[in-house]
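Q: I would like to learn how to read the features of a protein model, one at a time. Please start from the structure shown here.

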Amino acid sequence: MSPPEIRPTFPRPLVKRWCMMAIGLATLAAWSPASAATPARPPIASVSHLAVYAADLAKSEVFYVRELGATRLPDPENPKGVRYYFNPQQFVEVLPLPAGANSIDRLDHAAFSTPDAEAMRTYLASKGVAVPSRVKTGSDGSRWFDVSDPEGITIQFLQPPPHAPSIPPNSLSNHLIHFGFIVHDRAREDTFYLKILGFRPYWAGGMKDDKPTWISLQVPDGRDWMEYMIVGTPQGRGIPADMKQETLGVLNHFALGIPNAEAAYTLIWNKGALQEQDQLPKIGRDAKWQLNLFDPDGTRAELMEFHAIGKPCCTPFSAADPIR
């Protein structure tokens, strides 16, 4: 004969307390940071602008307005600067060279467009990127914030203003298709641009077929791109001590998309605006026709056709070209 089954009994309040504790632990687990969803990255559909310093703002204005056909407007971000627009959302920002500056560097920052600056700030913070405590607001209602990339380059994310400025058509170019700046370590920069921001490879090349030093990465939600202009060794940072200002200006550059290099050169020539320039149109290593012009401080403005006319050196293009 089996012994009678003995069932443990617990006071009702204790059973209730245990049940509520279990529910509380389950709720806490559901809302714990480890299980919280990572904020979504807002779109990055285009480059916005390059900001550069100028020793003489009047001379810079002649270059950007007369030679490049840009529209000059006040700078909503910095009242000491000016903007030269190529379309309502893309421009070059020119800032006065700080008094007593002894650096050859003319690059202040490079910027990408995003529809939601605050969401981008939150996203980058979730990825461990050091971000400011809040976004800034310009006099036109635009919003932005700055971060430093792994090599210390200031990168800005700009949310366009609610009402874009009225910009007349530019007969030379209405599309800023890319910018580039010096980089020492491709892998170090990739942790930010490829892994966190989601940029995509576009093309890689250089003066030697087996040594790519120009690395083009398209924005994740568009066809504009940025370029690593690789110099020095991976251990380096900043501007190499032996680099000259004219060399730095070639590397820290921006590019305007043009449908036809001959037509662009003819247009500028007929303005009588090529006296200070000594470059002719040529086919680059990427098999695209281009024309290099230089502002008074040596920053290169690369006028580049949208499409290659043949096979590029080094690597094939791995994404679609920008469109006009």
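Q: Is aspartate 210 buried or exposed?
A: Aspartate 210 is exposed, because its relative accessible area is 70%. The classes are buried (under 20% relative accessible area), exposed (over 50%) and partly exposed in between, with a 1.4 Å probe and protein chains only. This is a predicted model, in which local features need pLDDT of at least 70, side-chain atom pairs count only at pLDDT 80 or more, and totals for chains, interfaces and linings use all residues. Residues are numbered from 1 along each chain as its sequence is written, and side-chain values use heavy atoms, with hydrogens and water left out.

Q: Where does aspartate 210 lie?
A: Aspartate 210 sits in the loop between strand 10 (200-205) and strand 11 (214-218). Helices (H or I, at least four residues) and strands (E, at least two) are DSSP runs, numbered from the N terminus. The C-alpha atoms of aspartate 210 and cysteine 314 are separated by 6.8 Å, although these residues are 104 residues apart along the chain.

Q: Which cysteines does a disulfide join?
A: A disulfide is a covalent bond between the sulfur atoms of two cysteines. The criterion here is a pair of cysteine sulfur atoms within 2.5 Å. In this model, cysteine 313 is joined to cysteine 314, with S to S at 2.3 Å. A search of the whole structure finds one disulfide.

Q: What is the handedness of the disulfide, and why?
A: Read the torsion about the S-S bond. For cysteine 313 and cysteine 314 the torsion is about -80°, so the disulfide is left-handed. Cysteine 313 counts as buried, at 11% relative accessibility. Cysteine 314 is partly exposed, at 29% relative accessible area.

Q: Which residues point each way from strand 16?
A: In a regular strand the side chains alternate between the two faces of the sheet. From strand 16, Arg300, Glu302 and Met304 point one way, while Ala301, Leu303 and Glu305 point the other way. All are buried. The strand spans residues 300-305.

Q: How does strand 16 pair with strand 13 and strand 15?
A: Two strands pair if DSSP finds at least two bridges between them. Strand 13 (residues 253-258) and strand 16 are parallel, over six bridges. Histidine 253 has arginine 300 as its bridge partner in strand 16. Strand 15 (residues 289-294) runs antiparallel to strand 16, joined by five bridges. There, phenylalanine 294 stands opposite arginine 300. Strand 15 and strand 16 form a hairpin with five residues between them, and glycine 298 in the turn has a positive phi of about 95°.

Q: Which side chains make polar contacts with the side chain of arginine 300?
A: A polar contact is a pair of N or O atoms within 3.5 Å; within protein, one must be able to donate a hydrogen and the other to accept it, and residues adjacent in sequence count only if both atoms are side-chain atoms. The arginine 300 side chain reaches that of histidine 253 at 3.4 Å and that of asparagine 292 at 3.1 Å. Arginine 300 counts as buried, at 7% relative accessibility. Contact means heavy atoms within 4.5 Å. Leaving aside neighbours within four places in sequence, the contacts of arginine 300 include Met229, Val250 and Phe254.

Q: What is the strand order in the open sheet of eight strands?
A: The order is 2-3-4-1-5-8-7-6, with mixed pairing. Strand 2 (71-74) and strand 6 (136-137) are the edge strands, each pairing on one side only. Strand 2 and strand 3 (residues 82-87) are antiparallel over four bridges. Strand 3 and strand 4 form a hairpin with two residues between them. Strand 1 and strand 4 are parallel over six bridges.

Q: Which residues of helix 2 are buried?
A: An α-helix has 3.6 residues a turn, so residues three or four places apart point the same way. In helix 2, Ser60, Phe63, Tyr64 and Glu67 are buried. Seen down the helix 2 axis, the buried residues fall within an arc of 110°, so they line one face of the helix. The arc is that of the directions from the helix axis to the C-beta atoms.

Q: What caps the N-terminal end of helix 2?
A: Aspartate 56 does, with a side-chain oxygen 3.0 Å from the backbone nitrogen of alanine 58. Glycine 69 follows helix 2 and has a positive phi, near 75°.
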